[in-house]
Amino acid sequence: MSFSPKLSRRAALAGAASLPLVAASTGLSRAAAPITGAQMAPFQRLKVGAFDATTLLAGTVAREEPHSIFGLNVDAETFNTVSAAANLPVDVAQFFFTPTVVNTGSELVLFDTGLNGAGTTAALEAAGYTTDQIDVVVLTHMHGDHIGGMTLDDGSPTFPNARYVTGRVEYDAWAAQDNDRFKSKVAPFAEQMTFLEDGDSVASGLTAMAAFGHTPGHMNYMVESEGTQLYLGADFANHYVWSLGFPDWEVKFDMDKPAAAATRRKILDMLAADKVAFVGYHMPWPGVGYVETKDDGFTYVPHSYQLML
């Protein structure tokens with residue numbers, strides 16, 4: 001029979017406390033890892049039936065004074081109370097810019113192009129794609145953070161082999177304005193552009209859906225394959241709390257604010273009822289989630305693994 005010595009808790013703690021001194025005396029100390037700050041993977045790939053759908057982090061930026069953007073029709077106390085309840089700061093918000101690539105097996109389709117060609121190109125390459133592989137570029141609307149990546153810094157096309165698609169109402173509305181960004185980024189591609197109406201198809205399984213209000217002809221797209229759906233919502237709702245929880249709150253960038261609010265509520269109702277995942281261009285990265293009803297509004301439920309199976 002053998003006996004094991006008993007070690008008191010006090011003795012164990014004392015021994016542990018001496019370990020750093022032992023390590024230092026024997027030269028076994030380790031260098032600290034560098035502090036790098038917050039980081040995110042630049043893409044996330046999901047399955048939609050037989051399709052691949054990949055969200056791309058084309059950029060992210062902090063914006064101060066979010067109440068100057070969201071909830072323009074509510075007072076500061078209301079905005080601050082809602083934000084505090086959601087554990088959000090009221091002095092700054094983080095914006096994300098999330099184009100989506102859908103691989104149908106026969107075509108590689110990019111929805112929106114980001115702030116600039118460099119950011120979207122880097123995210124594409126991280127996802128295993130090159131710009132010359134893009135077959136179709138779809139523009140949901142003409143705001144600068146969606147059309148900025150149409151060309152590179154030297155003015156050459158970012159996606160040299162692509163055809164281009166956008167909504168007819170949206171294109172005509174911007175063509176009638178004197179907008180330098182539209183003139184430099186979109187107008188040069190007019191001869192290569194296909195124009196869609198509500199219900200038209202980009203390709204099999206990719207259907208245009210009118211979502212007017214944020215801009216005159218803002219379009220969303222339903223991706224559907226083998227009975228699975230993913231709704232590409234672009235900018236119909238731009239914040240997971242301030243827009244989903246309170247769809248009637250006015251948003252600075254909505255060009256027709258009453259129409260945008262009505263569209264927002266209609267789409268959120270549909271997503272909640274049908275339990276369809278959506279990609280929000282400005283939702284928290286990686287930009288994919290579900291909608292549930294809550295009180296007079298809705299709540300955002302981040303995607304976990306539903307579209308990975």
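**Entry 1: ground rules**

Helices (H or I, at least four residues) and strands (E, at least two) are DSSP runs, numbered from the N terminus. I am working with a predicted model, where local features need pLDDT of at least 70 and side-chain atom pairs count only at pLDDT 80 or more, while totals for chains, interfaces and linings use all residues. Residues are numbered from 1 along each chain as its sequence is written, and side-chain values use heavy atoms, with hydrogens and water left out.

**Entry 2: Asp112**

I started with Asp112, which sits in the loop between strand 6 (108–111) and helix 3 (117–126). Is Asp112 buried or exposed? I found Asp112 buried, where buried means under 20% relative accessible area, exposed means over 50% and partly exposed is in between (1.4 Å probe, protein chains only). Asp112 has no salt bridge, a term I keep for a side-chain nitrogen of Lys or Arg within 4 Å of a carboxyl oxygen of Asp or Glu. The nearest side chain of opposite charge is that of Arg181, 12 Å away; for charge, Lys and Arg count as positive, Asp and Glu as negative, and His and the chain ends are not counted.

I then looked for polar partners. A polar contact is a pair of N or O atoms within 3.5 Å; within protein, one must be able to donate a hydrogen and the other to accept it, and residues adjacent in sequence count only if both atoms are side-chain atoms. The Asp112 side chain has such a contact of 2.8 Å with the side chain of Thr140, and another of 2.8 Å with that of His146. Using contact in the sense of heavy atoms within 4.5 Å, and not counting residues up to four places away in sequence, I list among the residues touching Asp112 also Pro99, Val138, Ala234 and Tyr281.

**Entry 3: helix 3**

Next I followed the chain into helix 3. At the start of this helix, a side-chain oxygen of Asn116 comes within 3.3 Å of the backbone nitrogen of Ala118. I noted the buried residues of helix 3 as Gly117, Gly119, Thr120, Thr121, Ala123 and Leu124. They pack against strand 2 (51–56), strand 5 (100–103) and strand 6. After helix 3 comes Gly128, with a positive phi near 95 degrees.

**Entry 4: the cores**

I define a nonpolar core as a set of buried Ala, Val, Leu, Ile, Met, Phe, Trp, Tyr and Cys residues joined through side-chain atoms within 4.5 Å. The largest has 25 residues, and Val202, Leu206, Tyr221 and Leu230 have the most contacts inside it. Which strand gives the most to this core? I found that strand 12 (residues 219–225) does, with three residues. There is also a second, separate core of 23 residues, which includes Leu108, Leu124, Ile147 and Tyr164.

Beyond its neighbours within four places in sequence, Leu230 is in contact with residues including Val48, Ala53, Tyr221, Phe278 and Leu307.

**Entry 5: rings**

For aromatic pairs, I take rings of Phe, Tyr and Trp (its six-membered ring) with centres within 6.5 Å; planes under 30 degrees apart count as stacked, over 60 as edge-to-face and the rest as tilted. By this rule I get 13 aromatic pairs. One of them is the tilted pair of Tyr164 and Phe189, 4.6 Å centre to centre with 50 degrees between the planes. Tyr164 is in strand 8 (residues 163–167) and Phe189 in the loop between helix 6 (180–185) and strand 9 (193–196), so the pair ties together parts 25 residues apart in sequence. Tyr164 counts as buried because its relative accessibility is 1%, and Phe189 because its value is 5%.

Tyr171 and Phe182 have ring centres 5.3 Å apart and planes at 65 degrees, so I logged the pair as edge-to-face. Both residues are buried. I also noted a cluster in which ring pairs link Phe70, Phe79, Phe95, Trp242, Phe246 and Trp249.

**Entry 6: around helix 6**

Ala187 lies in the loop between helix 6 and strand 9, and at 29% relative accessibility it counts as partly exposed. Leaving aside neighbours within four places in sequence, Ala187 is in contact with Tyr171 and Phe182.

My last stop was Lys185, in helix 6. Lys185 is buried and has no salt bridge; Asp153, the nearest side chain of opposite charge, is 6.2 Å away. Apart from neighbours within four places in sequence, Lys185 is in contact with Ile147, Gly148, Met150 and Thr151.
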